[in-house]
Amino acid sequence: KQNFPEEENHTIVWEDSLNSFYFDFIEDFTLDLNGSLHRYVNAQSFAFRGTINENFGYSLTTSLIAVRGDTIFRRQDPILKDAWSKEQGGKVLFDRTGGEIAYQFPYIDFRLAQQQVYWGVGESGSLFLSDYPEQYSYLGLSANWSWGTFSFMHGKLLSEQTTDSIAGQPVQPDKWIAAHRLEITPF
């Protein structure tokens, strides 16, 4: 039941005065053409999110993704960058799972998450990381006032393999990110 027409549509909705639960099934199909080359992506996503009381929120999204098409063009799809994937029978298969738990204190929001983070825009894409960042684990804090917001995050990125090896296995060194952001809204 939608009490207000501007509400989002969901596959399953449950709400009471302080608690909520939303479930969505998303089927996504993308076709890219470049001259005679083609690739298409098919993804099924299951998204759960909700709140418990006024202060605790959670979300979980898992996606099963297949990329098909011409071999070289298929492997160049930006969503495959840094993804753990498997090539099988003319398609590339991978999954992506992320989520977040958040707690809102009176003056500070705390979140522990595994998801993509976008900060900023630029002429050639996002100024922070890239337009297609892989999901990564992070701890975030933010404080909001009437005149602005302060955000902090500390996370672990997916690193690239080095040419070094230990017992014949490639080395993937730790790669961390820390960010501080102050937004001021004077008016």
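1. The side chains of Asp-32 and Arg-39 are joined in a salt bridge, with an N to O distance of 3.1 Å. A salt bridge here is a side-chain nitrogen of Lys or Arg within 4 Å of a carboxyl oxygen of Asp or Glu. Asp-32 is partly exposed, because its relative accessible area is 25%, whereas Arg-39 counts as buried at 9% relative accessibility.

2. The model is predicted: local features need pLDDT of at least 70, and side-chain atom pairs count only at pLDDT 80 or more, while totals for chains, interfaces and linings use all residues. Residues are numbered from 1 along each chain as its sequence is written, and side-chain values use heavy atoms, with hydrogens and water left out.

3. The structure holds four salt bridges. One of them links Lys-156 and Asp-174, whose closest N and O atoms are 3.0 Å apart. This pair connects distant parts of the chain, 18 residues apart: Lys-156 is in strand β9, and Asp-174 is in the loop between β11 (169-170) and β12 (175-184). Strands are DSSP runs (E, at least two residues), as helices are (H or I, at least four), and they are numbered from the N terminus. Lys-156 is partly exposed, because its relative accessibility is 37%; Asp-174 is exposed, at 53% relative accessible area.

4. Arg-181 and Glu-183 form a salt bridge as well, with 3.4 Å between the closest N and O atoms. Arg-181 is partly exposed, with a relative accessible area of 28%, and Glu-183 also counts as partly exposed, at 35% relative accessibility.

5. Both Arg-181 and Glu-183 are in contact with Thr-149, as are Ala-143, Asn-144 and Leu-182, leaving aside neighbours of Thr-149 within four places in sequence. Contact means heavy atoms within 4.5 Å. Thr-149 belongs to strand β9, which covers residues 148-157. The side chains of Thr-149 and Asn-144 are joined by a polar contact of 3.1 Å. A polar contact is a pair of N or O atoms within 3.5 Å; within protein, one must be able to donate a hydrogen and the other to accept it, and residues adjacent in sequence count only if both atoms are side-chain atoms.

6. Which residues make the nonpolar surface patch of about 820 Å²? The residues are Ile-101, Tyr-103, Phe-105, Tyr-107, Ile-108, Phe-110, Leu-112, Leu-139 and Leu-141. Patches are made of residues with over 30% relative accessible area and no salt bridge; like charges are joined within 9 Å, and nonpolar side chains (Val, Leu, Ile, Met, Phe, Trp, Tyr) within 5 Å. Accessible areas come from the Shrake-Rupley method with a 1.4 Å probe, and for residues only the protein chains shown count as cover.

7. At least two residues of the patch come from each of β6 (91-104), β7 (108-115) and β8 (136-145). The largest share, three residues, is supplied by β7. Ile-108 lies in β7 and is partly exposed, because its relative accessible area is 41%.

8. The pairing of these strands can be described next. β6 and β7 are antiparallel over six bridges and form a hairpin with three residues between them. Two strands pair if DSSP finds at least two bridges between them. Tyr-103 stands opposite Phe-110 in β7. β7 and β8 also run antiparallel, joined by eight bridges, and Ala-113 stands opposite Tyr-138 in β8.

9. Phe-105 is in the loop between β6 and β7 and counts as partly exposed, because its relative accessibility is 43%. The C-alpha atoms of Phe-105 and Phe-56 are separated by 9.3 Å, although these residues are 49 apart along the chain.

10. Phe-56 is also touched by Gly-50, as are Ser-20, Phe-21, Tyr-22, Gly-57 and Tyr-58, not counting residues up to four places away in sequence. Gly-50 is part of strand β3, residues 37-52. Is Gly-50 buried or exposed? Gly-50 is buried, because its relative accessible area is 7%.

11. Asn-53 has its place in the loop between β3 and β4 (56-69). Its phi is positive, at about 60°, although Asn-53 is not a glycine. Most residues other than glycine have a negative phi. Asn-53 is partly exposed, with a relative accessible area of 44%.

Definitions and conventions:
Buried means under 20% relative accessible area, exposed over 50%, partly exposed in between (1.4 Å probe, protein chains only).
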